[in-house]
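Here are a few friendly notes to read with the model open beside you. Take the points one at a time and find each place as you go.

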Amino acid sequence: MELFLDLIFVYALAAVVARLGSDPTPSPSAVLAVIGLFVVIQWAWVGQVFYDTRFDPDDALHRVLVLFALVGAGAMTLGVDEVPESVLLPVGYLIVRGVLLLLYLRARPTSPMAGMVTTVYLIGFGSGWLIWLVSLTAPPDLRPTLWVAAMVIELATPWVGARWLNRWPVDNRHLPERIGQFTIIVLGSLASLLFAVPDHPPPHMILTAGLAFLIPAAVWWVYTTFVTTRLLQSRLRGGQAYSYLHIPLGGALLLLGWALGQVVRLVDDDAPRLPLELRLLLAASMVVWTVCGLALYWLWTRPSLARLAIAAYGVVSVSVITATVHEPRLMLSLLAAAIVGYAVLLSRRLARASESVQTPEG
């Protein structure tokens with residue numbers, strides 16, 4: 001059931017990134033719209049994950065409700081293209097989150113702890129749900145304002161209720177694995193890179209695509225190394241910090257996949273220079289990913305000077321390359337080398353950190 005849910009959201013994320021189109025100079029408003037839609041999609045997905053990690057009865061009624069939520073996710077996917085004029089996105093979101101509220105209502109009487117946790121979610125998420133419902137009657141130009149207000153309330157709920165939610169910690173294996181799966185789904189934006197390669201590509205385009213592929217491959221290597229070390233198992237508590245850090249991290253990876261696809265297209269078009277907007281997007285996405293990785297590490301332990309130096313190397317190298325190198329092939333080669341070097345250094349550091357934790361226990 002979880003994998004089926006993920007499959008629907010693969011298409012939803014593809015629809016979100018497709019809003020940027022093929023113009024290598026996206027406007028700030030277009031980028032902000034994509035980021036906002038990504039937050040809505042990810043929040044709709046992660047709500048089910050947090051329910052499953054604490055309850056998940058997996059009986060017939062539960063499966064029927066989740067299947068109904070999948071219908072809502074499909075409506076969200078179809079509505080991404082036409083927001084804010086179309087009501088498909090808000091209707092789909094109302095279905096997905098409405099099912100989640102029903103699931104919490106169903107779990108509420110199962111134990112005193114369940115009653116406390118579900119009360120927090122029902123009040124906060126229910127308030128946001130009502131604002132989304134009101135937005136259906138609002139003029140199209142007013143709907144995004146209402147959606148932002150609703151999302152602020154919903155995103156604030158786990159933090160406001162952290163005192164109560166932390167009394168029932170999330171599953172410290174299930175949650176990182178599920179959020180990790182979503183991160184891999186986001187890396188599926190690599191499709192933007194693959195589709196940028198022309199049919200029957202000449203050797204130089206195969207090389208270009210290979211260099212571009214090294215960047216998300218290095219991202220995947222670092223992320224999976226971090227997750228498999230299980231450094232955060234004892235400090236997840238309610239899971240707020242861990243899951244919220246994945247919002248900017250996931251958004252950065254989504255934009256990175258699109259931006260790399262545009263670089264490959266410009267190489268195929270023999271463009272002499274990369275536009276400033278595209279270089280800024282590349283730099284911002286990789287810097288945000290690096291900083292979020294450092295913050296995730298910080299949830300486990302205070303970073304050493306070596307860990308801080310590796311993060312500084314990642315930020316500075318990416319910033320310098322994107323700021324000073326304009327020729328597409330050269331910039332791509334230097335970025336790939338810098339990110340692969342960052343991945344090697346960080347993976348070794350993570351492995352040593354994991355060994356230092358496990359040795360005393362042995």
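1. Which helices each supply at least two residues of the lining of the second largest cavity? Keep in mind that this is a predicted model. The helices to look for are H2, H4 (88-107), H5 (112-135) and H11 (240-268).

2. Stay with that second largest cavity, which has a volume of about 100 Å³. Of its 13 lining residues, Trp43, Phe50, Tyr121, Phe125 and Pro158 are the closest to the centre. H2 gives the most to this lining, with four residues. By class, the lining has eight nonpolar, four polar and one charged residues.

3. Now step back: the whole structure holds seven cavities of 30 Å³ or more. The largest cavity has a volume of about 130 Å³, and Val222, Phe226, Trp289, Gly293 and Leu346 are the closest to its centre among 13 lining residues. Helix H12 provides the largest share of that lining, five residues.

4. H6 brings the largest share, six residues. The lining is made up of 14 nonpolar, one polar and one charged residues.

5. Met1, Phe4, Leu7, Val10, Tyr11 and Leu67 make a nonpolar patch of about 550 Å². Helix H1 (residues 2-18) gives the most to this patch, with four residues. Val10 lies in H1, and Val10 counts as partly exposed because its relative accessibility is 37%.

Note on methods:
Residues numbered from 1 in each chain as written. Predicted model: local features only at pLDDT ≥ 70, side-chain atom pairs only at ≥ 80, totals over all residues. Heavy atoms only, no water. Patch = residues over 30% accessible without salt bridge, like charges linked within 9 Å, V, L, I, M, F, W, Y side chains within 5 Å. Areas by Shrake-Rupley, 256 points an atom, 1.4 Å probe, with all protein chains shown as cover. Salt bridge = Lys/Arg side-chain N within 4 Å of Asp/Glu carboxyl O. Buried < 20%, exposed > 50% of the residue type's maximum accessible area, 1.4 Å probe, protein only. Nonpolar A, V, L, I, M, F, W, Y, C, P; charged D, E, K, R; others polar. 1 Å grid on protein atoms, 1.4 Å probe; cavity = no way out; pocket = protein on both sides within 12 Å on 5 of 7 lines; lining within 4 Å. Points joined across faces, edges and corners; volume = space filled by probe spheres on them.
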